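Please read this note with the model open beside you.

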Amino acid sequence: MSSTPPEHPGELIDRVRAAAAARTPLRIAGGDTKAFLGEPVAGEAVSTTGWSGIVSYEPTELVVTVRAGTALAELEAVLAERGQCFPFEPPHFAPGGTVGGMVAAGLSGPARASAGSVRDHVLGARFINGRGEHLTFGGQVMKNVAGYDLSRSLAGSLGTLGLITEVSLKVLPMAPAEATLVFERGPHEALEQLHRWGGQPLPINASCWVKDDTQPAAPELLFVRLRGAVAAVESACERLVREAGGTRMDNAQAGPDWADCRDQRLPFFNAPAPDLCLWRLSVPQTAPVLALPWAQLIEWQGAQRWLWAPASAAGEIRAATAAVNGHATLFRAGADGAPGVPRFDRSSPSIDAITRRLRAECDPAGIFNPGRMG
C-alpha cells in the first residue's frame, strides 16, 4: 500500500529556516507523550502531527516507510493486519504518540534484550537540519545502511539533531507462539537463573522481576516470556516448569500485563511520594544486584533496572552503576522538577565531544530542542 506525499513538507521547512535566521528556539514534538524525557525545553512549538501517512509498505520485504507525524498506534494496527510488528515493542505511555517521536525517543519495551532496539530497525530517514535542508540518509534495505549512517543517530536524539519528516523501518512477523512463566524468586536468584538460561537455546523474549512494595506480603516474582515456533515454546515451557518450578500464565492475562510493563502502568511505576524521581539504570546483563536502598524493577534479563529515589541520591546511584560499567538516567523528575540534577550521565568526555560536534554540524544555530539533552 502507498500514498503520494508532496515533494517537500514545505511548511515545516519554512518554519525551520525562519527560526534559524532569527535564532529562535524550536520545541519539536509529535504527540508530546514523552515530554518528560530530558531537560525542559522553552521554544516555539512545532508539531509534526500534520505530516502523517504511510508512504510505502511492502510486507514481503519487511519494510515500511512512514511520515513522522503518523500515529504509532495506527501504524501498529496496519502491521498487525499483515501479521507483522515492531519487535522492539516501543512504549506508548499515553495515546497520541507518533512514529517520529518513537524514533527520536529511542525507547524500547520488554523485548529489547532479545529483539534489539529502535536504532537497530531504522533503515533510513529524512529530516530537516538546522539550515532548513531536507536531507535523506540510509535507504529501505539493510544493504543500503553502510558507513556513517546519520539516520540511526536520530534514534534517541530527542529532536536535537533535526526535525524528522520520514523514516523507513524494518518490521518482523509476529511470533507463532507465546507463553509467560512466573517464578517466586528473590532478585539475586532471579538474575542467576536468567544468566543460566541465557547461555542455553531457549526462546526467551522478555523478563521482568518485581515486588509490589505497596503490598507488604506480596511475593517477589520473576516473569519470563517465551516467543517463537510453537514446538520450541511448548518444549521450553515444559522444561522450565519441571526444572525451576514455575507456573504458566494465561496469555489473556499476561498480554495486558506486559503492555502495562511497557507503558509503565504497573503498580511499581506509581510514585511512592511526590518528591521521588524515577531512575533508569542501564547496566550489563550480568551485573549483580546493586547495593542501593530502594526497591527495584529489573527488565531485559538484568540490563535495565528501575527505582524510585530522590534527586539528591544522584551521586550514590550513578556511582553504583558506574562501578559495574553502567550509567543512570533521571527518567521522570519528581514534583519539584529536580533542579540542578543532570538528567543524563555525562561521565564520558569522548561521547560528549562527538555529540557536540554532531549537533554543531546538524544544527549550527542551536534551534532544535535546545538544552533537552543537558
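1. Helices and strands here are DSSP runs, numbered from the N terminus, a helix having at least four residues and a strand at least two. The model is a predicted one. With that numbering, strand 1 (26-29), helix 3 (99-105) and strand 8 (163-170) each supply at least two residues of the lining of the largest cavity. Helix 3 has the largest share of that lining, with four residues.

2. The volume of the largest cavity is about 280 Å³. Its lining is made of 23 residues, and those closest to the centre are I28, A29, G30, G101 and A104. Sorted by class, the lining of the largest cavity holds 10 nonpolar, 10 polar and three charged residues.

3. How many cavities of 30 Å³ or more are there? The count is two. The second largest cavity has a volume of about 90 Å³. It is lined by 13 residues, of which P91, S108, Q264, Q304 and W306 are the closest to its centre. Helix 9 and strand 16 each give at least two residues to the lining of the second largest cavity. That lining has six nonpolar, four polar and three charged residues.

4. The largest pocket has a volume of about 1200 Å³. Its lining counts 39 residues, and R119, G156, H327, F344 and M373 are the closest to its centre. By class, the lining of the largest pocket divides into 17 nonpolar, 14 polar and eight charged residues.

5. Which element gives the most to the lining of the largest pocket? Helix 11 does, with six residues. Helix 11 covers residues 349-362. Other elements that supply at least two residues each include helix 4 (112-115), helix 5 (118-121), helix 6 (150-153), strand 14 (276-282) and strand 17 (327-332).

6. The second largest pocket holds about 580 Å³ of space. Among its 24 lining residues, C85, F86, P87, E89 and R227 are the closest to its centre. The lining of the second largest pocket contains 14 nonpolar, four polar and six charged residues. Elements giving at least two residues each to this lining include helix 2 (72-81), strand 5 (84-85), strand 9 (172-173) and strand 12 (220-228). Helix 4 is also one of the elements that supply at least two residues here, as it is for the largest pocket.

7. Helix 9 (251-262) provides the largest share of the lining of the second largest pocket, four residues. Helix 9 also supplies at least two residues of the lining of the second largest cavity. It has 12 residues and spans 16 Å from its first C-alpha to its last, close to the 16 Å expected at 1.5 Å a residue. The buried residues of helix 9 are A254, W258 and C261. They lie on the same side of helix 9, because they cover an arc of only 55° around the axis. Strand 10, strand 11 (204-211), strand 12 and strand 15 (296-299) are among the elements that cover them.

8. Helix 7 (residues 187-198) also has 12 residues and reaches 16 Å from its first C-alpha to its last, close to the expected 16 Å. Which residues of helix 7 are buried? They are P187, A190, L191, Q193, L194 and W197. These residues cover an arc of only 160° around the axis, so they are on the same side of helix 7. They pack against strand 10, strand 11, strand 12, helix 8 (230-244), strand 15 and strand 16 (304-310).

9. G198 and H121 are 77 residues apart in sequence, and their C-alpha atoms are 23 Å apart in space.

10. L62 is not a glycine, yet it has a positive phi of about 60°. L62 sits in the loop between strand 3 (54-58) and strand 4 (63-67), and is partly exposed, with a relative accessible area of 26%. F93 also has a positive phi, near 65°, and is a residue other than glycine. F93 belongs to the loop between strand 5 and helix 3. With a relative accessible area of 16%, F93 falls under the 20% cut-off and therefore counts as buried.

Note on methods:
Residues numbered from 1 in each chain as written. Predicted model: local features only at pLDDT ≥ 70, side-chain atom pairs only at ≥ 80, totals over all residues. Heavy atoms only, no water. 1 Å grid on protein atoms, 1.4 Å probe; cavity = no way out; pocket = protein on both sides within 12 Å on 5 of 7 lines; lining within 4 Å. Points joined across faces, edges and corners; volume = space filled by probe spheres on them. Nonpolar A, V, L, I, M, F, W, Y, C, P; charged D, E, K, R; others polar. Expected span 1.5 Å × (residues − 1). Buried < 20%, exposed > 50% of the residue type's maximum accessible area, 1.4 Å probe, protein only. Arc of directions from axis to C-beta. Contact = heavy atoms within 4.5 Å.
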